[in-house]
Amino acid sequence: MSWKIEKLGNVITQRKEFITIDNSVEYKRCRVQVNRKGVVLRDIVKGIAINTKKQQVCREGDFLVAEIDAKVGGYGFVPSELEGAIVSSHYFLFELDETKLLKDYLAWLIKTDIIQDQITSKGSTNYAAIRPHHVLNFEIPLPSLGEQAVIVHRLNIINEEYSLLDKELDQQQTYLQLLRQTILQEAVQGKLTKQDPTEEPATELLKRIKAEKEKLIKAGKLKKEKELPPITEDEIPFELSEGWAWVRGDDVASFIDPQPSHRTPPVVLNGVPYIGMTEVRDDGTIDFDSARKVSVEVLKEHNKRYTLEDGDFIIGKIGTIGEPTFLPKPFNYTLSANIILVQPFRNSIDAHFITYYLQSPIAIDLLKSQSTNSTHLVFGIKKSRMLLFPLPPMKVQKVIVAKVQQLQQQLSQLEAQVQQSRQYAQQLLQSVLREAFEQRGKVYEMEEEQVLNMVAEGEV
């Protein structure tokens, strides 16, 4: 195979096509996703909403490069549905000389690190922002058109197999997520465990909760709230197991707004972490290092309203309650205004049971039905106190928690296997791409005449 290293400037040309925005006309605007994930629609807006009146026009098949985001894979091809879309001067448009370079060949090549390495390499090409001449000076391996067509054809076939596998793994991941929700649903309905008829009923547990609340109020650790209305038949979503009882959130935990003023305290250099849901990692731990720091005086002020203890957890207020996150020791941090602090009544309630319920489809549906906002969930202190909770006997709570933890551990192992399979498939695809481009078509040897015949017959 006759390969050579060619500068992009020999096979692509920058295209500048500017228009003046008409305030009365509606325009499609596009953007490039980072990590080489392609060009997508940004929005559709009237011209009057566009501040910069000189904009570039995109054409299908243009190679679009973002001035700033190129260093994080911000480049791709304009799809047919974005023909005529506009971008600002912070993007660069290039058209291909298809007598030398097939669009699909370059589309596959940018999935490798051949161009990305030239953008991010140290030295003179370590750009804060990329310029058109940088793009034109990038070097790529360039075989003949026929050889390019062979590579594209073979990679398309491999990609079809990869896509089928990826789709299957997506389905498996979806099934596992649905199964996780089903486990939570059945757990809080008492369907995962057998009921012991001799177990002390939840009505007795409620008496102890009431006594515990009164004790906390007398000690000044809990604010006495206005009594909530009784639960009506219309509110109850399903029938409980014998010995269980429907209660309100106010009966299982104290829901606290850490910062009722909602004023964000100023940042200080050497202070204590200010924690909200944005600091919660995917694994449920808290990223204290990235949290903003506030003064120790803020912590002291917060400690006048609440004292953190083992078993306390936080949930989000707006958009979604998020993953209930248990707060770790030492408690040398304070909490932000965008979360709710939940302090279960520890002598009568298993905190994990509450978190499982809050993540269950039943609780989410109840919260959505109570939300006054149609676009996202709003979960405040009043809704927390009013929310219905199924309350099982204490021993049953413990059994349910143990069972859910066992099943979730098994699900996590299955999810890890799916993720491992996905990574292995991605590694295989990258290995094929390396063979195709870095080893200069080693695995795609074919007579060029045969390839050209395939092209002529429309097979490639």
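Me: Is Glu6 buried or exposed?

Reply: Glu6 counts as buried, because its relative accessibility is 15% and the cut-off for buried is under 20%. Bear in mind that this is a predicted model.

Me: Which side chain does Glu6 meet in a salt bridge?

Reply: Side chains of opposite charge can pair when their charged atoms come close. Here Glu6 meets the side chain of Lys4, at 3.4 Å from N to O. Lys4 is partly exposed, with a relative accessible area of 47%.

Me: How many salt bridges are there in the whole structure?

Reply: A search of the whole structure gives 24 salt bridges. One of them joins Arg15 and Asp62, at 2.2 Å from N to O. This pair links distant parts of the chain, 47 residues apart. Arg15 lies in the loop between strand S2 (12-14) and strand S3 (18-20), while Asp62 lies in the loop between strand S6 (54-57) and strand S7 (63-66).

Me: Are Arg15 and Asp62 buried or exposed?

Reply: Arg15 is buried, at a relative accessible area of 10%. Asp62 also counts as buried, at 3% relative accessibility.

Me: Which residues are linked with Arg15 and Asp62 in a network of salt bridges?

Reply: The network includes Glu17, Arg59 and Glu83, together with Arg15 and Asp62.

Me: What about Lys304: which residue does it form a salt bridge with?

Reply: Lys304 pairs with Glu301, and the closest N and O atoms are 3.6 Å apart. Lys304 is exposed, with a relative accessible area of 67%, whereas Glu301 is partly exposed, at 40%.

Note on methods:
Residues numbered from 1 in each chain as written. Predicted model: local features only at pLDDT ≥ 70, side-chain atom pairs only at ≥ 80, totals over all residues. Heavy atoms only, no water. Salt bridge = Lys/Arg side-chain N within 4 Å of Asp/Glu carboxyl O. Buried < 20%, exposed > 50% of the residue type's maximum accessible area, 1.4 Å probe, protein only. Helix = DSSP H or I, 4+ residues; strand = E, 2+ residues; numbered from the N terminus.
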